[in-house]
Amino acid sequence: DADLLQKVVSERFIVYTDLRAPDAGRKLATNFEVLFLVIYEDLEAGLPAYSNFGKLPVFVFAHQEAFDRLARAVGMEGFAGYYSPLGMLAFHAELPTRSRALSLQIHETTHALVDRHLVAEDLSLATWLNEGLAEYYGESDVRRGRLVPGRHRNWRVDAAPSLRGGPALRRRGDQLTGPLAVRHALREGSLPTVRSLLSTPNEQFYGPRARLYYAMSWLFVHYLKHGAADDAGDRFQRFLLYVFEGYPIEQALETVYATGLDELDAGFRKYVTRF
C-alpha cells in the first residue's frame, strides 16, 4: 500500500513495510539488527565475519496477497517468509501468532547472516546445516525480549494474529512438535541415519518428508552444539569454521568430534529420546 509505505534505513538493513503502525518500520529495523547481533555473538568465536555486501532490503507486507505476488515473481512460492541470495528478506504479517512471526524472522535472518557474512564466497552450504542452523535459532526461546539460543519450552502463550493483537491462546510449541516427529520416526525405524542426512539432496529434503528433515537437522545441530561432547560448544565453533571455509562436512565432523559418523549417529539417537 503506497499510501502507508514506510522506509527505514539501519546499519545493515533497509526495511520497507506497509503495516499501519506509524513506528512499525523502526521497530522492525531494530528487531533485525538485534537478531543479527545476538546470533552472530553466539557464533563468533573463531568465525570472523566477512565484510558486509551492503545493506539488505527487507520487505514486510501487511497482507499475504501482496507478499505472494513478490514470491511468485522470484520463484519463492509456498512460504510465509524467505531469504533470497539475490539479496532480500521478505515476510507477510498475516500469520496466526506473534511467536510464529518472530520465529520466521529469526530463521530467515540466520540464513542471511550465514550466507552474507560467514560462508566463504561462492560456497554452497549443505542444506541440512543451512536449515538446521536457521531452525536452531528460530525455535529458540525469546525470554524478556532476548533470544536464548538452544533453550526451548513445551508450550507457548501467543497473541493472535501475529502483528495485529488479539486474544491470547496457549498452544503446543513447534519446539515440541518437531522433536516429537523425529522421535516417532525413530521408534518406527524410519528416521534417516546421520550419514544419509549429510548427503540428502534438495529435492528429497524439501519433499513430502520436509518437516521431518527440518526437525532432524535442527536436533542434530542442537546435539553437535550441546550434547556431542563435554566441550561440545567449542567443538561446534571449530566445526563451523572448517565447513564455512569449504572443508568437507564428513571429514570436519570426524576430525572435530574425534569419532566416526556411526558413533555420532548412535549418540544423536540417544539424544533425541531425551530432548
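These legends describe close-up views of a predicted model.

**View 1. The largest pocket and its lining residues.**
The largest pocket holds about 1,200 Å³ of space. Its lining counts 41 residues. Nearest the centre of this pocket lie H107, H111, E131, Y206 and Y214. By class, the lining has 19 nonpolar, 11 polar and 11 charged residues.

**View 2. Helices and a strand around the largest pocket.**
Which elements each supply at least two residues of the lining? They are β4 (81–84), α3 (98–118), α4 (127–138), α5 (174–187) and α8 (210–226). Helix α3 gives the largest share of the lining, with nine residues. To follow this view, find residues 98–118 for α3 and then residues 127–138 for α4.

**View 3. The largest cavity.**
The structure holds three cavities of 30 Å³ or more. The largest cavity contains about 70 Å³ of space. It is lined by 11 residues. Closest to the centre of this cavity are F13, F36, L56, R116 and H117. Helix α3 supplies five residues, the largest share of the cavity lining. Helix α3 also gives the largest share of the lining of the largest pocket.

**View 4. Helix α1 crossing helix α3.**
Two packed helices are described by the angle between their axes and the distance between the axes. Helix α1 spans residues 24–43. The axes of α1 and α3 come within 9 Å and cross at roughly 60°. That angle makes α1 oblique to α3. The crossing of the two helices is right-handed.

**View 5. Side by side in the contact of α1 with α3.**
On the α1 side, the contact uses L28, N31, F32, L35, F36, I39, Y40 and L43. On the α3 side, the partners are L102, Q105, I106, T109, T110, L113, H117 and L118. The residues of this contact comprise 11 nonpolar, five polar and no charged. F36 of α1 and H117 of α3 meet the other helix here. F36 and H117 also belong to the residues closest to the centre of the largest cavity.

**View 6. Helix α8 meeting helix α9.**
Helix α9 covers residues 232–244. The axes of α8 and α9 come within 6 Å and cross at roughly 115°. From α8, the contact is made by V221, L224, K225 and H226. From α9 come A232, G233, F236 and F239. Five of the contact residues are nonpolar, two are polar and one is charged.

**View 7. Helix α4 crossing helix α9.**
Here the axes of α4 and α9 come within 13 Å and cross at roughly 135°. Is α4 parallel, perpendicular or oblique to α9? The angle makes α4 oblique to α9. The crossing is left-handed.

**View 8. Residues in the contact of α4 with α9.**
W128, L129 and L133 stand on the α4 side. They meet F236, F239, L240, V243 and F244 of α9. What is the make-up of this contact by class? It has eight nonpolar, no polar and no charged residues.

Note on methods: Residues are numbered from 1 along each chain as its sequence is written. This is a predicted model: local features need pLDDT of at least 70, side-chain atom pairs count only at pLDDT 80 or more; totals for chains, interfaces and linings use all residues. Side-chain values use heavy atoms; hydrogens and water are left out. On a 1 Å grid over the protein atoms alone, a cavity is a set of points where a 1.4 Å probe fits but cannot get out, and a pocket is an open set with protein on both sides within 12 Å along at least five of seven lines; lining residues have an atom within 4 Å of a point. Grid points are joined across faces, edges and corners, and a volume is the space filled by probe spheres set on the points. Helices (H or I, at least four residues) and strands (E, at least two) are DSSP runs, numbered from the N terminus. Ala, Val, Leu, Ile, Met, Phe, Trp, Tyr, Cys and Pro count as nonpolar, Asp, Glu, Lys and Arg as charged, and the others, Gly among them, as polar. Axes are lines fitted to C-alpha atoms, for helices over the stretch in contact, and angles run from 0 to 180 degrees between N-to-C directions. Angles under 35 degrees count as roughly parallel, over 145 as roughly antiparallel, 65 to 115 as roughly perpendicular and the rest as oblique. A crossing is left-handed if the near helix is turned anticlockwise from the far one by less than a right angle, and right-handed if clockwise. Contact means heavy atoms within 4.5 Å.
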